[in-house]
Amino acid sequence: MNKTRPDPNSGSPFDEGLAQGVLRYLRCTACGAPQTLTRAVCARCGGHSLQWRDAGGAGTVYASTVVHIASSDEFRALLPYTLVLVDLEEGPRVMGHGTPGLAIGARVQARIQTHAGRPVPAFEPKTEGTR
């Protein structure tokens, strides 16, 4: 068995990374394409050699929305809250919470926050001096 292939029966390396304060993504070793979801096959070339990488967390807001109806009781206390899709500098697109008012095209930096006992990605405006 290829050791770089994600094992669907183990804990997600993405979630393990969040618990350690790191955003992770997959990169295909055959074509270099970044992948954001745990998968066994590259979405671009069909290759089976995918490796987890740590992202620096810097990126650009691709889309933003304000949520007014909570998806669960755990998120009701946060209403209204901002969700953003961010294109990370390394290539993958990820979703996370955002600082209110983040606009499409804004440069952002990820941080990991805890909500309801779970680590979740959050993005805030990138300031000079942050990576």
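## Basis of the report

The model is predicted, so local features need pLDDT of at least 70, side-chain atom pairs count only at pLDDT 80 or more, and totals for chains, interfaces and linings use all residues. Residues are numbered from 1 along each chain as its sequence is written, and side-chain values use heavy atoms, with hydrogens and water left out.

## Strands and sheets

Strands of a sheet pair through backbone hydrogen bonds, either parallel or antiparallel. Helices (H or I, at least four residues) and strands (E, at least two) are DSSP runs, numbered from the N terminus. Two strands pair if DSSP finds at least two bridges between them. Two bridges connect β1 and β2 in the antiparallel sense. Arg27 has Pro34 in β2 as its bridge partner.

Strand β5 pairs with β4 and with β6. β4 (residues 58–67) and β5 run antiparallel and are joined by eight bridges; Ser64 has Val84 in β5 as its bridge partner. β5 and β6 are also antiparallel, with six bridges, and Asp87 has Arg93 in β6 as its bridge partner. These two strands, β5 and β6, form a hairpin with four residues between them, and Gly91 in the turn has a positive phi of about 120°. Burial is judged by relative accessible area: buried means under 20%, exposed over 50%, and partly exposed in between (1.4 Å probe, protein chains only). Six of the eight residues of β5 are buried, so β5 is largely enclosed by the rest of the structure.

## Salt bridges

Side chains of opposite charge can pair when their charged atoms come close. A salt bridge is counted here when a side-chain nitrogen of Lys or Arg lies within 4 Å of a carboxyl oxygen of Asp or Glu. The structure holds five salt bridges. One of them joins the side chains of Asp54 and Arg24, at 3.0 Å from N to O. Asp54 belongs to strand β3 (residues 50–54) and Arg24 to strand β1 (residues 24–28), so this pair ties together parts that are 30 residues apart in sequence. Asp54 is partly exposed, with a relative accessible area of 48%, whereas Arg24 is buried at 16%.

Glu89 and Arg107 form another salt bridge, with their closest N and O atoms 2.5 Å apart. Glu89 sits in the loop between β5 (81–88) and β6 (93–98), and Arg107 in strand β7 (residues 107–115); the pair links distant parts of the chain, 18 residues apart. Glu89 is exposed at 52% relative accessibility, while Arg107 is partly exposed at 35%. A salt bridge also joins the side chains of Glu124 and Arg111, at 2.7 Å from N to O. Glu124 is in strand β8 (residues 118–125) and Arg111 in strand β7, so the pair ties together parts that are 13 residues apart in sequence. Glu124 is partly exposed at 31%, and Arg111 is partly exposed at 34%.

## The largest pocket

Rolling a probe the size of a water molecule over the atoms shows where empty space is left. On a 1 Å grid over the protein atoms alone, where a 1.4 Å probe is fitted, a pocket is an open set of points with protein on both sides within 12 Å along at least five of seven lines, and lining residues have an atom within 4 Å of a point. Grid points are joined across faces, edges and corners, and the volume is the space filled by probe spheres set on the points. The largest pocket has a volume of about 370 Å³.

Its lining has 17 residues, of which Phe75, His97, Arg118, Val120 and Pro121 lie nearest the centre. At least two lining residues come from each of α1 (13–19), α2 (73–76), β5, β6 and β8. β8 supplies the largest share, four residues. By class, the lining has ten nonpolar residues (Ala, Val, Leu, Ile, Met, Phe, Trp, Tyr, Cys and Pro count as such), four polar and three charged (Asp, Glu, Lys and Arg count as charged, and the others, Gly among them, as polar).

## Two single residues

Gln109 lies in strand β7 and is buried, with a relative accessible area of 11%. A polar atom of the Gln109 side chain lies 3.0 Å from the backbone oxygen of Gly56.

Ser72 is placed in the loop between β4 and α2 and is partly exposed at 26% relative accessibility. Ser72 and Arg24 are 48 residues apart in sequence, and their C-alpha atoms are 25 Å apart in space.

Methods: A polar contact is a pair of N or O atoms within 3.5 Å; within protein, one must be able to donate a hydrogen and the other to accept it, and residues adjacent in sequence count only if both atoms are side-chain atoms.
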